[in-house]
Amino acid sequence: MVARLSAPSSGRLPSPLPSSPSVPLLRPPQGEGRAMQAAAARARRLLASPAASGIQGALSAPHHWCAAGAELVVLPRLDNGFSSSPHQARSFSSHLPRTLLLRTVTSHWQSKKPVRYHMSRAHFATESSDIDHPKESAEELYQKMLKSVEAQTMPPNAWLWSMISSCTSEEDIKLLFQILQKLRVFRLSNLRINANFNDHLCMKVSEACARVGVPDYGLKVLWNHNVYGITPTIGSAHYLLQHAKEHSDTKLVERIMQVLRRNSLPLQPGTADIVFSICYNADRWDLLSKYAARFVQAGVKLRRTAFDIWMEFAAKVGDSQSIWEINSLRGKSVKHYTLTTGFACAKGSLLERKPENAAATIKLLYKHLPDQKKPFVRDELQKLVAEWPIEVIKRQKKDRNVRIR
C-alpha cells in the first residue's frame with residue numbers, strides 16, 4: 001500500500017501532530033488554504049474510525065521518535081484501512097519522499113524493532129569497518145598504485161599518504177621512492193602537471209625516512225633537482241637532524257649541512273638549535289664553532305637556547321675569547337641574560353683572572369633574574385667552584401695532547 005504513495009512535490013516534512021483529548025491529530029503545513037483544512041477534517045474522521053485503532057500508541061511513542069517517524073507508522077495503517085480512498089492517504093504522504101517511506105516502514109514492520117535500534121546498529125557497523133578491513137601494507141599499496149598508473153589513471157592521493165605512513169622497512173622506502181618517480185612521470189606526460197608534490201607531502205616522506213632509519217633516502221628529499229617530484233624544505237631537513245640527534249650521529253649532521261649548502265636551502269633558528277645541541281652532546285666544539293660561524297654569516301637570528309648552548313660550551317672548553325664574542329652577538333638579539341649566559345660571563349672573567357668582575361656579574365645576575373630562577377643560582381655556584389675548574393683543566397690537557405700528536 002505504501003508503494004503507491006505519491007512522491008513529494010517539495011522536500012519539506014510535515015509539522016508534528018497536535019494532540020486532542022481523544023487522539024493525536026495530524027497538523028497539515030501552514031499556508032495551504034482551504035484544501036489543507038479539508039484534509040485536516042478528513043484526518044479527524046479517519047482517525048476516529050475503527051481502522052485507526054492502535055495509532056494513538058504509535059503517535060505517543062517515546063521522545064526518541066520524531067513526528068516524521070510517527071507519520072511513517074500511521075500512513076500504512078490508514079492506507080490499509082481505507083484502500084477505497086487512496087486520495088485521503090496521499091494527502092498526508094505527499095510531503096514525504098517515497099524512498100524514505102519504503103525504507104523506514106518496511107524495516108520497522110518486518111523487524112518489529114524501533115528506529116533507534118537500526119540507527120545504533122548502523123553506527124556500530126561503521127565503526128567495525130576498520131576491523132574488517134585491516135590497514136594495508138606499503139607493498140600492497142604500491143601494487144595498487146602501480147596498476148592504476150599502468151592503466152593510465154591517476155591513483156587517489158589517499159593511497160600515497162597511506163603508503164607513506166605504512167612504511168616500516170628500507171624495502172618499503174625503496175618502493176615509496178619508486179612509485180613517487182612513476183607518479184612524477186605520469187603527472188608530466190598524461191596530466192601535463194609540471195609542479196612538484198606539495199611541501200607537506202615532501203616533509204612526510206622525510207619523516208618516514210627518519211622513522212624507518214634510512215637517512216640516505218632522506219637526503220634525496222633535500223635536492224632541488226630530483227626525479228621524484230619532491231620539493232626540498234628546511235622542515236624536511238629538521239626531521240633528519242632530529243634522527244641524527246637521537247643517535248648522536250655527527251657524521252650525518254655534516255652530510256645534511258653539506259646538502260643544505262649545495263641546494264641553497266635557507267637556514268633557520270630552529271636548525272641552529274638542533275645542530276648546536278648535537279655538537280654539545282657529542283662534545284664537538286670544533287664542529288659547533290664551524291656551523292655557528294655559518295649561521296651568523298647567513299644572518300640567522302639565533303634564539304636564546306642557541307646562545308645558552310654556545311656560551312656554555314665555550315666556558316666548558318675554557319675559551320674566554322669566544323665567550324666575549326658570543327656575548328657580543330647575543331646582546332644584539334637577546335636583551336636579558338639567562339642563568340647559563342650569566343655564569344658563562346662569570347667564568348670568562350675567572351679565566352682572565354678577574355674574580356672581582358666574576359663576583360659582580362653573579363651579583364648583578366641574581367638581582368635581575370626572575371624569582372623562580374633565583375634558587376638555582378646556588379647550584380650553579382657549587383658547580384662553578386667544585387666541578388668547572390677540574391673540567392677545564394682536563395679539557396685543556398686533552399687539547400694540548402691532540403696538538404702535539
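Q: What kind of model is it, and how are residues numbered?
A: This is a predicted model, in which local features need pLDDT of at least 70 and side-chain atom pairs count only at pLDDT 80 or more, while totals for chains, interfaces and linings use all residues. Residues are numbered from 1 along each chain as its sequence is written, and side-chain values use heavy atoms, with hydrogens and water left out.

Q: What does the pLDDT average over the protein chain?
A: The average is 78, and 66% of the residues score at least 70, where pLDDT is the predictor's confidence in each residue, from 0 to 100.

Q: And where is pLDDT under 50?
A: Residues 1-29 stay under 50, and the model has 71 contacts for them beyond four places in sequence, a contact being heavy atoms within 4.5 Å. Over residues 54-133 the pLDDT is also below 50, and that stretch has 108 contacts in the model beyond near neighbours in sequence.

Q: OK, the fold: how many helices and strands?
A: The protein chain has 22 helices and zero strands; both are DSSP runs numbered from the N terminus, helices being H or I with at least four residues and strands E with at least two. Of its 405 residues, 40% are buried, where buried means under 20% relative accessible area, exposed over 50%, and partly exposed in between (1.4 Å probe, protein chains only).

Q: Which helices do its buried residues pack against?
A: They pack against helix 11 (199-212), helix 12 (215-220), helix 14 (250-262) and helix 15 (269-281). Among the buried residues of helix 13 are Ile-234, His-238, Leu-241 and His-243.

Q: Switching to aromatics, how many pairs are there?
A: The structure holds seven aromatic pairs, counted where rings of Phe, Tyr and Trp (its six-membered ring) have centres within 6.5 Å, with planes under 30 degrees apart taken as stacked, over 60 as edge-to-face and the rest as tilted. Phe-276 and Trp-310 have ring centres 5.8 Å apart and planes at 65 degrees, so the pair is edge-to-face. Phe-276 lies in helix 15 and Trp-310 in helix 17 (residues 304-317), so this pair ties together parts that are 34 residues apart in sequence.

Q: Are those two buried or exposed?
A: Both Phe-276 and Trp-310 are buried. Tyr-280 and Phe-313 also form an edge-to-face pair, with ring centres 5.1 Å apart and planes at 75 degrees, and Tyr-280 is in helix 15 while Phe-313 is in helix 17, 33 residues apart. Tyr-280 counts as partly exposed at 23% relative accessibility, whereas Phe-313 counts as buried at 0%.

Q: Last topic, which phi does Arg-192 have?
A: Arg-192 has a positive phi of about 60 degrees although it is not a glycine, and its place is in the loop between helix 10 (170-189) and helix 11. Arg-353 likewise has a positive phi of about 60 degrees without being a glycine, and lies in the loop between helix 19 (339-351) and helix 20 (355-368).
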